[in-house]
Amino acid sequence: MKIEITPKLDFNNVLIKPQRTTISSRNEVCLQRIFTFQNSSSSWKGVPIMAANMDTTGTFEVLKILSKFKILTCLNKFYNLKDFKSFIKGFKLNEEIGDILKYTVVSTGISEKNYENLCEIMDNIPFLKWICIDVANGYMYKMVEFCKKIRKRYPKAIIIAGNVASGEMTQELIINGGVDIVKVGIGPGSACLTRMKTGVGVPQLSAIIDCADSAHGCGGFIVGDGGITCPGDMAKAFGGGADFVMCGGIFSGHDENPGEIIEEKDSSNKIKKYKLFYGMSSELAMKKHYGSMANYRSSEGRVIKVPYRGSLEETVNDYLGGLRSTCAYVNAKKIKHLPKCTTFILVSQQINTHLVK
Ligand code: 5GP
């Protein structure tokens, strides 16, 4: 047994120190980034945020909204070729759908069945460029082998793969797996029960700092996946070196998310509206997709009623506005510059809540 005694940080352990700034208005800040990926030699320009490939957020409806903001949507891995074809049919102009598909990420697990589904989609839908290889435990040997197989078959695809939470495995996926962007996060998700059920995890801000450093050292990139609860957390993830940030919970609960609005009376008899958001390892997701939950595993995901939040566009604008403001506070004219402009300060309290019920 070993113990690591250097403190590891989560978003709520720090604040970002303000700096002298020449930015006088938030609209001087550019939130788009241009990437050229080393392993695929492909390029992409957009706002480096992704919707998580969960049932409730990785959907065509969410994609339609987020693509307007040049934000990526990682579709859930249960869509098949037929689903893609019927989505595309709804668009008249090739140009319009081509633009949407630029922000579309096709997700897959690492089983043979997942592989066949992925290839069928990638081989039949033009314009698709992004693949997300997603397993709960990215440390498996089988994962690296699967990434190599995908890289060989799709040399130009921009490949995201994970999840991991340490530098050495980040480098393994980039150098040996041929991955462009490593997905970082073990246990920080809002619908995640991994830490409780297994005791495994790494505080997300430290995981980002560690993995970003390792990825950048070998020409790769990372996406910080999970744990974003407010625009400030997203700014901290970018400030810590995340090239992209992936979000589930904060993009749930809107008109565009699947599922009915649930109405319930609260303790003072007021009607409250909710929508359902659930982890992909929750019993609900397992039953939905596989008919039952295998008895050798326990549920590592929650089912949550999240407050209904109206239109997704409003939430996105709130987050982008927050990010622009962070950039202005630390004199970062581009989101790309946030890490070099960021100094984190350790805090014991982030916000004053004494008047909040
Ligand atoms: P959030 O933005 O909601 O905090 O985190 C989203 C991330 O949580 C997803 O991208 C995914 O990595 C992770 N996640 C989704 N469902 C589950 C689950 O059932 N169990 C665990 N451990 N993580 C999950």
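## Strand E7 and its crossovers

Strand E7, helix H6 (residues 167-175) and strand E8 form a β-α-β unit with a right-handed crossover. The model is predicted.

E7 spans residues 158-164. Seven of its seven residues are buried. In a regular strand, side chains alternate between the two faces of the sheet.

## Strand pairing

E7 pairs with E6 (residues 130-134) in the parallel sense, over five bridges. Here Asp134 stands opposite Gly162 of E7.

E7 also pairs with E8 (residues 181-184), again in the parallel sense. Four bridges join E7 and E8. Val164 has Val184 of E8 as its bridge partner.

## The ligand site

The ligand is surrounded by 23 residues. The closest are Ser190, Thr194, Asp225, Ser281 and Glu300. By class, the shell holds eight nonpolar, 12 polar and three charged residues.

- Ser190: a polar side-chain atom lies 2.5 Å from a ligand oxygen atom.
- Thr194: an N or O atom of the side chain is 2.6 Å from a ligand nitrogen atom.
- Asp225: an N or O atom of the side chain is 2.5 Å from a ligand oxygen atom.

How much of the ligand's area does the protein bury? Taken alone, the ligand exposes 530 Å², and the protein buries 90% of that.

Notes: Residues are numbered from 1 along each chain as its sequence is written. This is a predicted model: local features need pLDDT of at least 70, side-chain atom pairs count only at pLDDT 80 or more; totals for chains, interfaces and linings use all residues. Side-chain values use heavy atoms; hydrogens and water are left out. Buried means under 20% relative accessible area, exposed over 50%, partly exposed in between (1.4 Å probe, protein chains only). Helices (H or I, at least four residues) and strands (E, at least two) are DSSP runs, numbered from the N terminus. Two strands pair if DSSP finds at least two bridges between them. A crossover is right-handed if, with the strands pointing away from the viewer, the path from the first strand over the helix to the second runs clockwise. A residue is near a molecule or strand if one of its heavy atoms lies within 4 Å of it. A polar contact is a pair of N or O atoms within 3.5 Å; within protein, one must be able to donate a hydrogen and the other to accept it, and residues adjacent in sequence count only if both atoms are side-chain atoms. Accessible areas come from the Shrake-Rupley method with a 1.4 Å probe; for residues, only the protein chains shown count as cover. Ala, Val, Leu, Ile, Met, Phe, Trp, Tyr, Cys and Pro count as nonpolar, Asp, Glu, Lys and Arg as charged, and the others, Gly among them, as polar.
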